[in-house]
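Subject: Structure for you to look at

Dear colleague,

I am handing over the structure we talked about, and below it you will find my notes on what turned up. Please read them with the model open beside you.

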Amino acid sequence: MTGGEDRTPSGWRVAVLGGGAWGTALALAMLRAGHFVRLYARDPQTVAAIDHGENPRYLPGIAIEPGIVATSDIKAALDGADCVLAVTPAQSLRTMLATAKDHMPQGVPLVLCAKGIERDTGALLSAIVEEILPKNPVAALSGPSFATDVARGLPTAVVVAARDAGLAADLAARFSAENLRCYSSDDLIGVEIGGALKNVFAIAAGAVTGAGLGASAQAAMVTRGFVELRRIGAAFGAKPETLMGLSGLGDLLLTCSSAQSRNFAYGLALGQGKPLAGLPLAEGVPTAAIAARIAVERGIDAPIITAVAAILDGTVTISQAVTALMTRPLKTETDL
């Protein structure tokens, strides 16, 4: 861990838990917003690289501005923090929070920056935080944003959500900087659902593209995927306007149209019949299985999510899944 000033004149101490691409990008964003940033990464090599102004494993070719204090000591990262960004993968969140629990300053907000649903329990990530850290208010940051764009300081808009509208507005104001515009929302569940399910549809979009099924099929899949997102969101109590916004439709459009999305890239390789081993983690893979199970348990019609889950577990081929989707009974388009 390198040295540094404990606090900028008007900034917070922000602890970023996760030294991957998104964690590093958000650390840079917090630095540019005027905060003192400590970044926790388990890998000492990542810490050493960031200390030298780079993170070649996760953000190759992007210079890391001086001022971020990197450490592999989670206690040191959390010491005196005014706010904590949890940027570990969704399926690792419970383990990470258990490790951080004894060092977490009470009462400071914990902002979820990963997207997913816990595979084993079906819990949204906010529920995991509330279970393990009941004295820390939980928020979520989501929206159409690639780590490389944020790290480079390119214009990006996201949403920060918390059940307490005042907390959400305060976090959004503190996180905003010249090229990072943060909107606020009190619909925490809606923001979480949008962020989690868009990963599943991004895999589907990538698979359709990889299989050479055409732009028309991809557009239809994304549009009907959004219908499923709205159905599941409604079942969880999400506000329709949230799903129409940055964390729903906005994130869906971005991740379903670019190989910069790990989930789209995973689906692309799947559709092309390429080996999947060694590809970057795609959160949509575990989320697809649990989302399909939730749809069945709640009686929600979600054929695309069900198809993605079946393709991923090897039950059906992409061709068989597309045939099944195209031969479903006809109905009106607006029948949700």
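Which residues does Asp251 touch, not counting residues up to four places away in sequence? Keeping in mind that this is a predicted model, the answer is Lys115, Ser142, Gly143, Pro144, Ser145, Gly195, Lys198 and Leu246. With Lys115 there is also a polar contact, made between the two side chains at 2.7 Å. Asp251 itself is found in helix H11, which covers residues 246-255, and it counts as buried because its relative accessible area is 1%, where the cut-off is under 20%.

Several of these names return in the UniProt record, an unreviewed entry, which lists Lys115, Gly143, Ser145, Lys198, Asp251, Ser261, Arg262 and Asn263 under "binding site". From this set, Lys115 is part of the lining of the largest cavity.

Finally, please look at Ser126, which lies in helix H5 (residues 125-132) and is buried, with a relative accessible area of 1%. Its side chain makes a polar contact of 2.5 Å with the side chain of Glu192. Beyond its neighbours within four places in sequence, Ser126 is in contact with Leu112, Val138, Arg163, Leu188, Ile189 and Glu192.

With best wishes

Technical notes:
Residues numbered from 1 in each chain as written. Predicted model: local features only at pLDDT ≥ 70, side-chain atom pairs only at ≥ 80, totals over all residues. Heavy atoms only, no water. Helix = DSSP H or I, 4+ residues; strand = E, 2+ residues; numbered from the N terminus. Buried < 20%, exposed > 50% of the residue type's maximum accessible area, 1.4 Å probe, protein only. Polar contact = N/O pair within 3.5 Å; in protein donor to acceptor, adjacent residues only side chain to side chain. Contact = heavy atoms within 4.5 Å. UniProt positions renumbered as here; feature names shortened; annotations may be inferred. 1 Å grid on protein atoms, 1.4 Å probe; cavity = no way out; pocket = protein on both sides within 12 Å on 5 of 7 lines; lining within 4 Å.
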